[in-house]
Amino acid sequence: MKNILIVVALFVTTSLVTSCSDSYFDVNTPPDAIDTNSTALKDVLSPAIQNTIDAQYSASVSVAQVSQHISSALSNQDIDKHYFSGLDSYWFTTYVKALSNIKVVEDKAIATNSSHYLGIAQILKAINIGLATDLYGDIPYTEASQGGTITYPKYDSQESVYAAIDELFTAAIAKLSDPNTSIVNKPGKEDLIYGGDVNKWIKAAYTFKARYQLHLSKINAGTAATKALESLSKGFTSNADDFQLVYNTVNTNPWYANQLGLNTGNISFLISNQLINAMNGKSFPFTTVTMDPRLLAIVDIRKYPNPASQTTNPDPMVVTNYNGIENGTGANVPGQPGANAKIGIDFFYSKANSPLVIMSFAEAKFIEAEANFLLAGGTATSAGANAAANTAYLAGINANMDKLGVAPALKTAYIADASIAKGTTTLALKDIMRQKFIALYLNPETFTDYRRYNFSPNVFVGLKLPKNTDPNNGGEWIRRFVYPNSEKSTNSAVYSANFKSMITPVWWDK
């Protein structure tokens with residue numbers, strides 16, 4: 001941690017947006033560092049946002065394997081088998097880049113009385129520390145990003161960090177609701193998420209607030225659900241509110257860059273059979289339809305390299321052509337043809353100009369569905385829910401399908417299928433969480449959902465430990481990540497005092 005506190009200027013300027021640019025993504029940034037005191041407030045907001053998104057992606061590459069959205073296609077990818085991991089790149093991006101840049105935005109916003117910039121910075125900070133504490137438990141917070149004044153920052157308890165997250169969202173909502181009386185203009189094009197629309201930032205704050213409130217369902221399900229619903233009542237109202245960063249063909253989506261090896265036949269990841277089975281009728285048998293039409297939008301089953309030149313690509317409308325991979329094997333699924341389901345380079349989440357989605361309206365509706373289900377007395381194994389839970393559940397499916405561009409006829413047929421249209425008498429938690437799992441494809445939030453329900457196959461149908469899992473875990477699921485090597489070497493005393501094994505639950509998971 002020592003080194004992450006004194007390099008703010010370097011990472012503000014390596015991503016810097018120029019004041020004359022039409023878009024942050026339309027410029028090439030010089031690599032040399034300049035003094036942050038010479039930069040305008042609007043010039044430091046874009047790097048803070050970009051680095052926040054980069055941190056989320058960095059976590060997703062590993063966490064999506066634990067969540068079994070994807071699986072390593074190689075036998076030497078240890079995180080796929082739950083081996084010891086500190087997510088070093090993610091930690092570096094979060095603390096050295098994202099939080100350091102956010103601190104600059106905060107300081108400049110306070111100095112210029114720029115309430116709207118400050119509110120955005122508070123939301124970004126909460127998003128960053130929220131993911132970090134969910135992945136590691138106790139983390140540096142109150143003494144982090146303090147420049148050279150605190151060399152060996154303490155780790156704050158996760159309970160106190162969660163209180164801070166809620167306070168940050170509340171403070172941000174207040175700041176964004178205030179009139180802008182600053183000498184500095186209101187946020188505009190440098191706001192890479194909403195283009196300066198403070199009303200959308202307020203909705204985002206309430207929706208993220210609901211996410212973190214529901215995380216505490218194991219501590220008190222009723223309180224968590226009630227608070228989440230209260231926040232959602234002021235949160236996202238459509239897909240147009242989604243918190244996401246949209247890339248372009250110059251500055252490409254990181255999953256697109258990740259998948260470019262497909263063109264040469266080099267495959268690092270395949271899609272897990274946990275996801276494929278949730279969509280092909282195996283884990284949830286269909287009645288009238290044969291497949292979830294979202295497979296067409298997010299799963300690539302073509303042959304590589306040079307798929308356009310192939311004449312024997314599998315028909316994507318035939319459900320049996322979608323074959324996932326079993327996590328931890330780096331090999332084909334036993335008893336199935338060769339695993340062929342890939343992220344791809346031109347599908348919804350992985351085109352060059354695809355959005356990287358952090359929080360969606362669909363997720364908000366599934367939070368609403370779960371919260372209402374719990375308040376109606378629902379459990380991991382019960383069936384039946386109130387009308388509010390069922391309505392939100394169906395709205396979540398609709399929102400996700402609309403976002404992915406599913407054809408109306410295919411969407412209508414899928415939602416009408418008896419396996420989907422459960423109604424208030426038979427809707428179960430497993431139905432809600434199945435749809436949330438699909439809608440949150442490649443999002444690290446699923447790992448939190450797994451832990452909240454103890455990886456129960458009653459809630460997550462078909463879920464099981466990966467093959468060849470780390471024997472040091474004693475056959476248990478991992479429930480956190482260890483702190484990275486940089487902490488062990490530069491903040492060793494604090495690291496040792498706070499170290500926990502990967503199977504040790506975090507505070508809210510007990």
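K125 sits in helix α4, which spans residues 115–136; helices here are DSSP runs of H or I with at least four residues, strands are E runs of at least two, and both are numbered from the N terminus. The model is a predicted one, with local features taken only at a pLDDT of at least 70 and side-chain atom pairs only at pLDDT 80 or more, while totals for chains, interfaces and linings use all residues. Residues are numbered from 1 along each chain as its sequence is written, and side-chain values use heavy atoms, with hydrogens and water left out.

On confidence, the protein chain averages a pLDDT of 90, and 88% of the residues score at least 70; pLDDT is the predictor's confidence in each residue, from 0 to 100. Residues 1–34 fall below 50, and beyond near neighbours in sequence this stretch has 90 contacts in the model, a contact being heavy atoms within 4.5 Å.

Back to the lysine. K125 counts as buried because its relative accessible area is 17%, and buried means under 20% (exposed is over 50%, partly exposed in between, with a 1.4 Å probe and protein chains only). The side chain of K125 makes a polar contact of 3.0 Å with that of E106. Such a contact is a pair of N or O atoms within 3.5 Å; within protein, one must be able to donate a hydrogen and the other to accept it, and residues adjacent in sequence count only if both atoms are side-chain atoms. With neighbours within four places in sequence set aside, K125 is in contact with L99, I102, E106, Y141 and L168.

Two serines in helix α2 come next. S58 lies in α2 and is buried, its relative accessible area being 15%. A polar atom of the S58 side chain lies 3.2 Å from the backbone nitrogen of Y90. Leaving out neighbours within four places in sequence, S58 is in contact with S89 and Y90. S62 also belongs to α2 and is buried, at 16% relative accessible area. Not counting residues up to four places away in sequence, S62 touches I79 and L87.

Now for the empty space. Rolling a probe the size of a water molecule over the atoms shows where such space is left. On a 1 Å grid over the protein atoms alone, a cavity is a set of points where a 1.4 Å probe fits but cannot get out, and a pocket is an open set with protein on both sides within 12 Å along at least five of seven lines; lining residues have an atom within 4 Å of a point. Grid points are joined across faces, edges and corners, and a volume is the space filled by probe spheres set on the points. The count comes to four cavities of 30 Å³ or more.

The largest cavity holds about 200 Å³. Its lining has 21 residues, with Y349, V357, I358, Y441 and N443 nearest the centre. At least two lining residues come from each of α2 (41–66), β4 (355–359), α11 (361–375) and α12 (387–404), and β4 gives the most, with five. By class, this lining has 13 nonpolar, six polar and two charged residues (Ala, Val, Leu, Ile, Met, Phe, Trp, Tyr, Cys and Pro count as nonpolar, Asp, Glu, Lys and Arg as charged, and the others, Gly among them, as polar).

The second largest cavity has a volume of about 80 Å³. Residues lining this cavity include Q274, S283, M433, R434, F437 and Y450. The elements giving two or more residues to this lining are α9 (273–279) and α15 (429–439), and α15 gives the most, with three. The lining splits into eight nonpolar, two polar and one charged residues. Helix α15 is itself mostly covered, with ten of its eleven residues buried; among them are M433, R434 and F437. The cover over the buried residues of α15 includes α9, α11, α12, α13 (408–416), α14 (423–426) and α16 (445–452).

The largest pocket has about 280 Å³ of space. Of its 15 lining residues, D166, Y212, Q213, L216 and K227 lie nearest the centre. Helices α5 (158–177), α6 (198–214) and α7 (221–232) each supply at least two residues, and α5 has the largest share, five. This pocket lining divides into eight nonpolar, three polar and four charged residues.
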